[in-house]
Amino acid sequence: MSANRFVYVTYIRTTPEKLWQALTAPEFTRQYWAGCWFDADWREGGGWKLMIPDGRIGDAGEVLEIDPPRRLVLRWKNVFLPGLRDEPATRCTITLEPVGASVRLMLEHETELARSPLLDSLSQGWPHLLASVKSLLETGEPLEVTRHWPEGI
Amino acid sequence: MDEVFKALADASRRALLDSLHARNGQSLSELCAGLQLTRQAVAKHLAVLEQANLVAVLWRGREKLHFLNPVPIHEIAERWLGKYERHRLRLLAQLKQRLEAAEGGTEE
């Protein structure tokens, strides 16, 4: 079993509780995730959908593990993009760990496919979102690039 | 941010990042295979990269796997590049690549 994965780490000056809320609560994700929000049943086995501002479902899956504000594991499928939505589900693991006055956020995203356009696409998107949620929590402002849903997608 | 620039100011460490960019999730032994450096030197360079958060580490059983972490470089780019500039810079980079390829140059 040779999983294909990427691992991103960022340090954010905040508390695990605030970061957890910023990653899951609609009023926060709407600010830095291009207007998107989670329609989710946040418990083990619960379903989640990432809603696009125009009402479409962007991505979806199940909650595999949840331990707020420390660990969240999601089964993650694309729903709306032709070419990506037929791929088998990926797995996203988010771990929060307090380090001094900051929180270390580790994001691991993996698939069983050796070649995965979905994982490539996610690996491009996450750095923007991580930088933007960091900016939101540390300065009160998300990054300009991630504020609005891109036109024509 | 100082740590990121210091970590990047070394050709061997940049070669290690290139190697992870080509193939993510390598062990120390795998990373050593591609470089003319001792295992100790590679381990030391990896520790600097990890300290600067340019490399993230995952344990898989007894094996330590190394992953390129682009987040600090992304934060640097966000700090100095506006979104319109980024688009123009990408076009310029493409133009440079195309012109240099047309000249038959072999350098990048």
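Predicted model: local features only at pLDDT ≥ 70, side-chain atom pairs only at ≥ 80, totals over all residues.
Trainee: Okay. What makes H3(A) and H5(B) roughly perpendicular?

Mentor: Look at the angle. Helix H3 (residues 117-139) of chain A and helix H5 (residues 71-80) of chain B have axes that come within 10 Å and cross at roughly 65 degrees. Roughly perpendicular covers 65 to 115 degrees, so H3(A) counts as roughly perpendicular to H5(B). As for the hand, H3(A) passes H5(B) in a right-handed crossing.

Trainee: Which residues make that contact?

Mentor: From H3(A) you get A:Pro127, A:His128, A:Leu130, A:Ala131 and A:Lys134, and from H5(B) there are B:Val71, B:His74, B:Glu75 and B:Glu78. Sort them by class and the contact of H3(A) with H5(B) has four nonpolar, two polar and three charged residues.

Trainee: How do you know that chain A and chain B are in contact?

Mentor: Contact needs heavy atoms within 4.5 Å. By that test, 17 residues of chain A are in contact with 16 residues of chain B. Together the two chains bury about 1400 Å² between them, with 63% of it on carbon and sulfur atoms. A:Arg5, A:Val7 and A:Val9 supply 34% of the area that chain A buries against chain B, more than any other three residues.

Trainee: How is chain B divided?

Mentor: Chain B has domain 1 (2-69) and domain 2 (72-102). Their C-alpha centres lie 25 Å apart. Six residues of domain 1 of chain B are in contact with four residues of domain 2 of chain B. About 380 Å² is buried between these two domains of chain B, and carbon and sulfur atoms give 91% of that area.

Trainee: Back to chain A. What kind of peptide bond joins A:Pro68 and A:Pro69?

Mentor: A cis one, with omega about -5 degrees. You'll find A:Pro69 in the loop between strand E4 (57-67) and strand E5 (71-78) of chain A.

Trainee: What makes A:Ala34 worth a look?

Mentor: Its phi! A:Ala34 has a positive phi of about 55 degrees, although it isn't a glycine. A:Ala34 sits in the loop between helix H2 (26-32) and strand E2 (37-40) of chain A.

How values were computed: Residues numbered from 1 in each chain as written. Chains lettered and ligands numbered in written order. Heavy atoms only, no water. Axes fitted to C-alpha atoms, helices over the stretch in contact; angles between N-to-C directions. Helix = DSSP H or I, 4+ residues; strand = E, 2+ residues; numbered from the N terminus. Parallel < 35°, antiparallel > 145°, perpendicular 65-115°, else oblique. Left-handed = near helix turned anticlockwise from the far one by under 90°. Nonpolar A, V, L, I, M, F, W, Y, C, P; charged D, E, K, R; others polar. Domains from an automatic or database assignment. Buried area = accessible area lost by both parts, 1.4 Å probe.
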